[in-house]
Amino acid sequence: MESGPIVRDADRDDVMAVCRFGEEHVRAHYAPLIGDEEAARQVRMWWNTANIAGAVALGEVVIAEDGGRPAGVGQRGLDGDEHVIRKLYTLPRYRGLGSRLLEVLIGRLPVAAGRVYAEHLVADERAGAFFEREGFTVERVEPSGVVRRVRSR
């Protein structure tokens with residue numbers, strides 16, 4: 001029997017738990033990087049019920065659970081015709097789980113998808129190091145401070 005978190009597709013019953021995860025954990029992660037006000041704005045914009053419910057309905061969200069509680073969340077989506085990892089967060093005590101979430105998200109891409117993109121803030125050095133380890137290379141750095149990375153599938 002496998003111990004530790006299980007990774008599965010999120011369903012509509014998970015929407016509120018995913019939103020709470022963003023409020024409780026993602027906001028705290030970003031506050032030292034971009035300030036409390038901007039971190040709160042990011043969570044309101046991207047971790048709200050409508051946004052998460054829509055992504056869940058499209059089958060774009062995966063959740064890692066340990067004992068029925070969220071340990072991590074990942075979301076993919078489209079930017080035009082490009083497949084993008086939109087969210088990838090784990091609780092600090094679950095280091096290593098991000099690789100599993102990423103593997104599941106990439107595994108859900110259409111067979112014809114030859115590349116996948118990921119974005120993170122320049123200030124988020126941990127995210128940069130993670131994506132580098134996972135084979136993503138920097139494609140460009142936006143004036144807004146967002147790093148866009150790409151990896152062949």
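Colleague: Which residues lie nearest the centre of the second largest pocket?

Modeller: First, please bear in mind that this is a predicted model. A17, F21, E24, R69 and P70 lie nearest the centre of that pocket, which has 15 lining residues. Its volume is about 230 Å³.

Colleague: Which elements supply at least two residues each to the lining of the second largest pocket?

Modeller: They are α1, β2 (61–66) and β3 (69–79). The most comes from α1, which gives five residues. By kind, the lining divides into six nonpolar, two polar and seven charged residues.

Colleague: What volume does the largest pocket have?

Modeller: The largest pocket has a volume of about 1,100 Å³. Of its 37 lining residues, Y30, L88, Y89, D124 and A127 are the closest to the centre. Two or more lining residues come from each of α1 (15–34), α2 (36–46), β4 (82–90), α4 (97–107), β5 (115–121) and α5 (125–133). With seven residues, β4 gives the most.

Colleague: How do the residues lining the largest pocket divide into nonpolar, polar and charged?

Modeller: The lining holds 19 nonpolar, eight polar and 10 charged residues.

Colleague: What is V61 in contact with, leaving aside its neighbours within four places in sequence?

Modeller: Contact requires heavy atoms within 4.5 Å. V61 is in contact with D9, A10, A55, V56, V73, G74 and Q75. As for V15, it is 46 residues from V61 in sequence, and the two C-alpha atoms are 9.6 Å apart in space.

Colleague: Does the same cut-off settle the case of L101, and what makes that residue count as buried or exposed?

Modeller: The relative accessibility of L101 is 0%, and the limit for buried is under 20%, so L101 counts as buried. L101 is found in helix α4.

Colleague: Which residues does L101 touch, not counting those up to four places away in sequence?

Modeller: L101 touches V7, V62, I63, A64, G72, V73, G74, L88, Y89 and T90. By C-alpha atoms, L101 and E82 are 19 Å apart in space and 19 residues apart in sequence.

Colleague: Where is V7 found, and what is it in contact with beyond its neighbours within four places in sequence?

Modeller: V7 belongs to strand β1 (residues 6–9). Its contacts are V62, I63, A64, L97, R100, L101 and V104. Between the C-alpha atoms of V7 and G72 the separation is 8.6 Å, and these residues are 65 apart along the chain.

Colleague: How do you know that the buried residues of α2 line one face of the helix?

Modeller: The residues concerned are A39, A40 and V43. Seen down the axis of α2, they fall within an arc of 100°, and therefore they line one face. In general, an α-helix has 3.6 residues a turn, so residues three or four places apart point the same way. The buried residues of α2 pack against α1, while the face turned away from them carries the exposed residues E37 and R44.

Colleague: What puts the buried residues of α5 on the same side of that helix?

Modeller: In α5 the buried residues are A127, G128, F130 and F131. They cover an arc of only 165° around the axis, which means that they lie on the same side of α5. E125, R126 and R133 are exposed on the other side. The covering of the buried residues includes β4, α4, β5 and β7 (146–152). Just after α5, G135 takes a positive phi of about 90°.

Colleague: How many residues has the largest nonpolar core, and which have the most contacts inside it?

Modeller: This core has 40 residues, and F21, V26, W47, I52, I85, L88 and L102 have the most contacts inside it. The most is given by α1, with seven residues. Leaving aside neighbours within four places in sequence, I52 is in contact with V15, V18, C19, W46, W47, Q75 and K87.

Definitions and conventions. Residues are numbered from 1 along each chain as its sequence is written. This is a predicted model: local features need pLDDT of at least 70, side-chain atom pairs count only at pLDDT 80 or more; totals for chains, interfaces and linings use all residues. Side-chain values use heavy atoms; hydrogens and water are left out. On a 1 Å grid over the protein atoms alone, a cavity is a set of points where a 1.4 Å probe fits but cannot get out, and a pocket is an open set with protein on both sides within 12 Å along at least five of seven lines; lining residues have an atom within 4 Å of a point. Grid points are joined across faces, edges and corners, and a volume is the space filled by probe spheres set on the points. Helices (H or I, at least four residues) and strands (E, at least two) are DSSP runs, numbered from the N terminus. Ala, Val, Leu, Ile, Met, Phe, Trp, Tyr, Cys and Pro count as nonpolar, Asp, Glu, Lys and Arg as charged, and the others, Gly among them, as polar. Buried means under 20% relative accessible area, exposed over 50%, partly exposed in between (1.4 Å probe, protein chains only). The arc is that of the directions from the helix axis to the C-beta atoms. A nonpolar core is a set of buried Ala, Val, Leu, Ile, Met, Phe, Trp, Tyr and Cys residues joined through side-chain atoms within 4.5 Å.
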